[in-house]
Amino acid sequence: MLVHGRGTTQIIYVSGVINSVNATLVIRAEVWIRPVAGLSVLSDSSVVNLSPDQLAFGGRNASGAVDSLIRIETGRFPPISFPVTSTGERPSPRYGHAALATLVGGNLSMIVLGGRDEFQVLDGMYLFDVLSGTWTGLKTPFAPRYKHQAVVGNSNPRLDRLIIVFGGVNALWNTVGELSLFRILSGRIETCNIGQVSGKAPPPVLNFILTWFQGKCYVLGSDPSGSVLGSAPSSFIYTMIISNLDNTQYSVAWNRTGASSSDSEVWPSRFFANSLMIIDCMMYVLVTTANSSSNAMSTMFALDPINLEFRKANINGAYSVSESLNIISFDSSNFLVFSTNMSSGEWTLGSVAHIISFTPGNSLNLVEPLGGVVPVGASLDMQPVIEVVDIFNDLAMYQRTGTTVSAYGLDSFDQNVILGGSTTVLVSNGIAYFSDLSIDQNASLVRIVFTSNGLVPVETAPFVVVAG
């Protein structure tokens, strides 16, 4: 998703509550999107989450496939990216591969599977040890495939850690609906045998999301041309449960299901670019929908995976829609977004990297410094004005309805001091205006602290309180 221009763009969801069997899930009401300059990641590369940083491998530029390895530091704002030096059996230049981050033998690792270059579809499975910076070409067979997806899940009831690979294009350039399983053991990865399959598997399509959530694998996808599922464009949601048959074999149970909406919205019949965010047991699916290739738009759906109920998002703002999206979580409510610059074939500096934040407010900021001498019980000569600011320290104008800022007093011994006037005020357009705040107790060097739920607090300089 590409946001043109400067400043911020807001996505506002249709507010509402989805009732599930086990819980009541509240849709996040606001999302902020902010352009990020200084990131250099190529089109069709893989980006995995190392918590807190990200690691990108491969991709393609104007000259073809590359084998670049890039680290993205998201523990700072704005994030920066830089090349990573590595040793060992590095994968050949490739793009359209799958990658994931997981522990192998107790070490945090990135695993790269398949891909393609300008001439052929590539095979192979490679492991990058993040701590040592070493590549290893694994002996585990992996047939040529690209545009596939891979996630880490587990089996029932033994909870074997598994790499699940689905879909893609094979060595004959045919789109396939193949499922492969690999078991993660101490220091190695081995191929799994699928001894039993029940239910109907997803069709062989390229436009899909693969994710693991609460003990199930989910495949969400679409058939934009209608050539696979029928004459008309359509979409689908499949779930898969993996169980142990014995020590060497697994069973797979597929189930196709539909998604319903309490407000008569329609799940998209087609989408050709997609990615997924999971927050508070809710799936947020960002898709590029289209009635035709020339009539496309970006939208988002909040999906309750328990009852498969959803709500559609209202997106305010102008976007240049991309057919390639990559969204990676870097904390509990912020996501790094890359969208392909289709004119150059690259994710270029500054224009197509963004942060999506489900909590646009990060901290409180005191607009004017306060302190000095104040008579006890008298309203402050200069009343506090408190801003809610985002991770870039800019004003976060869009807050949830009912967001408030509260004030309390502390003396030099951090003991509570009585304040007078309105000590809690509503936030409007990102700002809270206090109008009659006073210090109503004689105390030594009183600081006024301002707080709001989930935000970093701010406090004034000390006040010297004198008799009124």
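Tutor: The largest nonpolar core has 26 residues, and those that touch the most other members are Leu 364, Ile 386, Val 405, Phe 434, Ile 439, Ile 448 and Phe 450. A nonpolar core here is a set of buried Ala, Val, Leu, Ile, Met, Phe, Trp, Tyr and Cys residues joined through side-chain atoms within 4.5 Å. Buried means under 20% relative accessible area, exposed over 50%, and partly exposed in between, with a 1.4 Å probe and protein chains only. The model is predicted: local features need pLDDT of at least 70, side-chain atom pairs count only at pLDDT 80 or more, and totals for chains, interfaces and linings use all residues. Residues are numbered from 1 along each chain as its sequence is written, and side-chain values use heavy atoms, leaving out hydrogens and water.

At least two residues of this core come from each of β39 (363-366), β41 (385-389), β42 (404-410), β48 (447-451) and β50 (463-466). Strands are DSSP runs (E, at least two residues), numbered from the N terminus.

Now β48: four of its five residues are buried. Leaving aside residues up to four places away in sequence, Ile 448 has contacts (heavy atoms within 4.5 Å) that include Ala 407, Leu 419, Ile 439, Val 458 and Phe 463.

Strands pair if DSSP finds at least two bridges between them. β42 and β48 run antiparallel, joined by five bridges, and Leu 410 stands opposite Arg 447. β48 also pairs with β49 (residues 458-459), antiparallel, over two bridges; there Phe 450 stands opposite Val 458. Six residues lie between the strands of this hairpin, where Gly 454 takes a positive phi near 80°.
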